[in-house]
Amino acid sequence: MEQLWEKALGILKAHLSAENFETWLEPVQFGGIEGDLIVLKIPNQFFAEWISAHYLDLILDTLQAEAGETHMPKKVRWELDETLREKAQAARETTPPPAPRPPRATPKPPDSADLNPKYRFKNFVVGPANQLAHAASVACGSDPGRRYNPLFIYGGVGLGKTHLVNAIGHAIVQRNPRARTLYVSAERFTNEFIWSLQNHEINSFRKRYRTQCDVLLMDDIQFLAGREQTQEEFFHTFNALYHSDKQIVVTSDVYPHQISEMKERLISRFQSGMVADVQAPELDTRIAILQQKAESEDIELPSEVALFLAQTVRSNVRELEGTLLRVAVKAELLGLPMDLELAKETMRAVLPNQDTAMTVEDIQRIVCAYFGIRLADIKSRRRHRAVTFPRMVAMYICRQRLGTSYPELGERFGGKDHTTVLSAVRKIGGLMEDQDERVLGAVDAIERKLGI
Ligand code: ADP
Ligand code: MG
């Protein structure tokens with residue numbers, strides 16, 4: 001294995017500038033293999049950070065290419081070494097370390113294996129917020145290159161764009177195993193492009209993207225903002241594929257026109273096809289996503305916990321999933337049931353003081369605006385149903401979000417007895433658990449307005 005390391009170093013030396021190589025890799029020593037760990041000895045902790053941030057992928061890729069998939073170390077264990085530190089110090093005293101330049105990564109030729117196997121249509125939960133993007137993606141998957149070409153999917157972070165494009169790729173390959181799909185992030189496209197220019201490989205780069213590709217799935221196109229040369233290259237790639245009726249799918253975190261420093265002609269290409277957005281999912285979609293995730297991870301998820309998490313994490317599905325896993329792991333580690341108490345405690349640690357800025361009156365105002373009643377009414381003793389229902393909803397949200405005591409809530413809502421507040425909160429809570437549409441819709445909309 002030591003030989004392998006030497007060999008890898010030789011390859012890395014060829015790819016990095018002499019300065020960078022001498023500064024960052026030469027001082028590192030091979031310390032052996034432990035299972036799937038490679039042990040590297042370094043002069044100080046900074047090397048671990050610097051190498052991890054800049055060269056680690058390249059090192060692992062190189063080792064992988066040399067060793068073959070099966071004997072491949074997948075991670076590094078860093079070991080601080082005194083003698084190396086002294087050596088490095090001595091060297092530094094004579095020559096200051098040069099400012100490192102970014103490394104050139106050796107790109108792996110992409111293939112359909114680059115699709116993420118986890119992201120498929122069958123585990124994508126559809127709701128009003130992503131219905132259009134989902135339908136267009138399904139159409140693309142079953143009839144690529146025809147109806148929706150190009151397909152442009154845009155929306156905020158963690159709302160399922162990468163999931164959808166991968167699912168399109170899988171669907172196409174499933175119908176036609178010979179279809180050559182290329183999933184690539186705009187960042188990787190950029191890196192490969194620059195690398196191939198520098199290494200006189202531009203012809204094979206173009207061949208791969210323009211002629212050997214039937215479906216191009218380009219993720220996070222906003223990365224090309226301001227990168228004129230790469231945009232130019234992508235423009236020609238786009239045209240070549242488009243004119244041969246090859247499917248192109250592009251995602252972005254914003255609407256085409258809002259991508260700053262994107263050339264107008266590319267924007268108009270994007271808009272020539274189908275543009276679909278993904279929005280933050282509604283409460284019941286969030287609940288369904290949690291339930292599905294729980295099922296696939298073998299987590300027993302009580303419905304009140306699902307409801308609580310879905311109410312708490314609203315704008316990012318990745319975070320929603322992360323929260324579920326965090327609670328599940330905590331339950332397992334501590335040997336506790338996965339109940340509401342544990343979920344609340346976990347969320348308190350995650351979202352500290354989330355609600356401190358909000359007051360009872362803020363909630364009252366938003367509730368009144370939602371139901372179209374006056375603030376004075378919700379604070380009054382009036383018992384008309386047009387007022388009592390919004391009042392109960394407001395009490396429920398105050399109790400849930402602010403934890404205000406029942407007697408205090410009684411006072412703030414027209415001098416009611418604390419038992420009246422208690423039963424109002426219970427009633428709304430019960431309706432929420434029964435998935436009562438009117439209540440779910442109202443609470444969800446109001447909480448969105450409150451920004452929680
Ligand atoms: P984006 O690319 O928009 O930032 P991702 O596609 O990476 O978001 O989604 C983040 C996570 O949320 C992924 O694990 C994905 O599977 C999951 N996810 C997002 N939307 C849905 C959905 N509608 N149904 C199931 N999982 C979803
Ligand atoms: Mg993404």
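Biologist: Where does His134 lie in this model?
Modeller: In this predicted model, His134 lies in helix 6.

Biologist: Is His134 buried or exposed?
Modeller: His134 is buried, because its relative accessible area is 15% and the cut-off for buried is under 20%.

Biologist: And which residues does His134 touch?
Modeller: If we leave out residues up to four places away in sequence, His134 touches Phe121, Phe124, Val126 and Leu164.

Biologist: Which other residues of helix 6 are buried?
Modeller: Besides His134, the buried residues of helix 6 are Ala133, Ala136, Ser137, Ala139, Cys140 and Gly141. Together these buried residues pack against strand 4 (151–155), helix 7 (161–175), strand 7 and strand 8 (274–278).

Biologist: How many residues does helix 6 have, and how far does it reach?
Modeller: Helix 6 covers residues 131–142, which makes 12 residues, and it reaches 17 Å from its first C-alpha to its last, close to the 16 Å expected at 1.5 Å a residue.

Biologist: Let's change topic to the ligand: how many residues surround ligand 1, and which are the closest?
Modeller: Ligand 1 is surrounded by 17 residues, and the closest are Val125, Gly158, Lys161, Thr162 and His163. By class, this shell has 7 nonpolar, 7 polar and 3 charged residues, while helix 7 and helix 14 (317–334) each supply at least two residues of it.

Biologist: Which side chains have an N or O atom close to an oxygen atom of ligand 1, and what are the distances?
Modeller: Thr162 has a polar side-chain atom 2.8 Å from an oxygen atom of ligand 1. For His163, an N or O atom in the side chain is 2.7 Å from a ligand oxygen, and for Glu321 the corresponding distance is 2.9 Å. As for how much of the ligand is covered, ligand 1 taken alone exposes 550 Å², and the protein buries 93% of that.

Biologist: You mentioned helix 14, so where does Val329 lie, and is it buried or partly exposed?
Modeller: Val329 lies in helix 14 and counts as partly exposed, with a relative accessibility of 46%. Although Val329 and Ile299 are 30 residues apart in sequence, their C-alpha atoms are 9.6 Å apart in space.

Biologist: What about helix 10: how does its span fit its number of residues?
Modeller: Helix 10 runs over residues 228–243, and its 16 residues should span 22 Å at 1.5 Å a residue, which agrees with the 22 Å between its end C-alpha atoms.

Biologist: Which residues of helix 10 are buried, and what do they pack against?
Modeller: The buried ones are Thr230, Gln231, Glu233, Phe234, Phe235, Thr237, Phe238, Asn239 and Leu241. They pack against helix 8 (186–198), helix 9 (202–211), strand 6 (215–219), strand 7 (247–252) and helix 11 (264–271).

Biologist: Which residue just after helix 10 takes a positive phi?
Modeller: That is Asp245, with a phi of about 55 degrees.

Biologist: What is the phi of His200, and where is its place?
Modeller: His200 is not a glycine, yet it has a positive phi of about 55 degrees, and its place is in the loop between helix 8 and helix 9. At 74% relative accessibility, His200 counts as exposed.

Biologist: And Glu261, what is its phi and where is its place?
Modeller: Glu261 also has a positive phi of about 55 degrees without being a glycine. Its place is in the loop between strand 7 and helix 11, and Glu261 counts as exposed, at 62% relative accessibility.

Biologist: Last one, for the whole chain: how many helices and strands are there, and what share of residues counts as buried?
Modeller: The chain comes to 21 helices and 8 strands, and 45% of its 452 residues count as buried.

Definitions and conventions: Residues are numbered from 1 along each chain as its sequence is written. Chains are lettered from A and ligands numbered from 1 in the order in which they are written. This is a predicted model: local features need pLDDT of at least 70, side-chain atom pairs count only at pLDDT 80 or more; totals for chains, interfaces and linings use all residues. Side-chain values use heavy atoms; hydrogens and water are left out. Helices (H or I, at least four residues) and strands (E, at least two) are DSSP runs, numbered from the N terminus. The expected span of a helix is 1.5 Å times one less than its number of residues. Buried means under 20% relative accessible area, exposed over 50%, partly exposed in between (1.4 Å probe, protein chains only). Contact means heavy atoms within 4.5 Å. A residue is near a molecule or strand if one of its heavy atoms lies within 4 Å of it. A polar contact is a pair of N or O atoms within 3.5 Å; within protein, one must be able to donate a hydrogen and the other to accept it, and residues adjacent in sequence count only if both atoms are side-chain atoms. Accessible areas come from the Shrake-Rupley method with a 1.4 Å probe; for residues, only the protein chains shown count as cover. Ala, Val, Leu, Ile, Met, Phe, Trp, Tyr, Cys and Pro count as nonpolar, Asp, Glu, Lys and Arg as charged, and the others, Gly among them, as polar.
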